Amino acid sequence: MKHAIRISCSRSNLKTVRDFVAGVLQEHQLSDILQNQIILAVDEIVANLIIHSNQEDESKHLDIRVAVEDQEFRFEAEDDGESFSPSEYRDPDLQEHIRAGKKGGVGIALVNRIMDQVEFTTIGTRNFCRLSKRIG
Amino acid sequence: MKIAQHTDNDTLTLALDGELDASSSVSLDTELTKPDILSYRKVMIDCQRLNYISSAGLGVFISHLQRFQDAGVKLVFFNMQDKVHNVFEILGLDSLMTIVPTAQEAASV
């Protein structure tokens with residue numbers, strides 16, 4: 001893919017990733033809302049990979065690649081942390097989250113609702129997460 | 001994330017300035033966890049300078065809402081930017097939380 005960045009697995013790098021994606025999207029003149037949605041979906045995936053797959057181990061890295069081609073935004077993250085199993089994922093019941101005072105568990109729901117395609121693949125020890133969304 | 005506090009009788013206003021992500025939302029959570037906050041009748045969140053919110057930021061509000069309701073504290077959001085409001089809408093949180101356009105309306109809720 002056209003644009004790439006490598007970050008260590010620290011939450012403080014989330015802002016760096018958002019700025020990176022904003023820079024790539026800038027020339028495509030998307031609405032504020034659409035641009036924010038795409039940045040949000042990427043942020044959610046990267047936060048999950050940093051916190052859950054790699055336990056915020058700063059000696060580990062994520063490779064992030066982004067491209068806009070044929071009116072489509074594409075994102076790929078590659079890491080060697082624990083793989084995510086989408087089959088175990090359940091869409092959250094927000095009212096139940098409120099009742100129980102739950103803090104987490106709504107990030108992937110945002111990603112699923114924003115993106116056209118959300119794909120998790122593991123090849124050997126490498127995990128790949130790929131997202132795409134039409135922007136034209 | 002900068003959080004400015006203003007107290008007016010039984011109302012606490014927290015003005016958020018910056019971005020609420022998995023890193024920066026910790027300070028907001030600390031603020032909302034303080035036991036004193038339950039002594040107010042209303043907590044108003046001024047979102048004018050809140051430029052970004054992720055699920056971690058939403059999670060902070062989701063996790064305190066019931067505790068506030070049980071203590072009789074109203075949680076009201078106002079001055080929210082369209083792109084931030086959109087994130088609440090994607091999950092349907094706009095119908096579970098009180099979000100109004102202006103400070104005036106927030107004061108009269």
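Two strands count as paired here if DSSP finds at least two bridges between them. Keep that in mind for chain A. One caution before we start: this is a predicted model.

Take strand 4 of chain A, residues 117–123. Seven bridges tie it to strand 5 of chain A, and the two run antiparallel. Look at one position: Gln117(A) sits opposite Ser132(A) in strand 5 of chain A. The two strands make a hairpin, with two residues between them. In the turn, Gly124(A) has a positive phi of about 65 degrees.

Strand 5 of chain A, residues 126–134, has another partner to show you. Strand 3 of chain A, residues 72–79, pairs with strand 5 in the antiparallel sense, over eight bridges. There, Phe73(A) has Lys133(A) as its bridge partner.

Now chain B, and its sheet. Five strands form an open sheet, ordered 1-2-3-4-5, with mixed pairing. Which strands are at the edges? Strand 1, residues 2–8, and strand 5, residues 98–100, of chain B; each pairs on one side only. On average, neighbouring strands of this sheet are turned by 25 degrees against each other, direction ignored.

Inside that sheet, strand 2 of chain B, residues 11–20, runs parallel to strand 3 of chain B, residues 42–53, and nine bridges join them. Leu14(B), for one, stands opposite Ile45(B) in strand 3 of chain B. Helix 3 of chain B, residues 82–91, packs on the sheet and touches strand 3 and strand 5 of chain B. The direction of helix 3 makes about 110 degrees with that of strand 3 of chain B.

Next, helix 2 of chain B, residues 55–70. Does its length agree or disagree with what we expect? At 1.5 Å a residue, its 16 residues should span 22 Å; the end C-alpha atoms are 23 Å apart, so the two agree. The helix does bend, by about 35 degrees at His64(B). His64(B) is also one of the buried residues of helix 2, with Phe61(B), Ile62(B) and Leu65(B) also among them. Just after the helix, Gly72(B) takes a positive phi of about 75 degrees.

Last, the interface. 26 residues of chain A are in contact with 23 residues of chain B. On the chain A side, helix 2 (32–53), helix 3 (94–100) and helix 4 (107–114) each give two or more residues. Which one gives the most? Helix 2 of chain A, with eight residues. By class, that side has eleven nonpolar, seven polar and eight charged residues.

Technical notes:
Residues numbered from 1 in each chain as written. Chains lettered and ligands numbered in written order. Predicted model: local features only at pLDDT ≥ 70, side-chain atom pairs only at ≥ 80, totals over all residues. Contact = placed C-beta atoms within 7 Å. Helix = DSSP H or I, 4+ residues; strand = E, 2+ residues; numbered from the N terminus. Nonpolar A, V, L, I, M, F, W, Y, C, P; charged D, E, K, R; others polar. Expected span 1.5 Å × (residues − 1). Bend = angle between axes of the 7 residues up to and from the residue. Buried ≥ 20, exposed ≤ 12 C-beta atoms within 10 Å, placed from the backbone. Axes fitted to C-alpha atoms, helices over the stretch in contact; angles between N-to-C directions.
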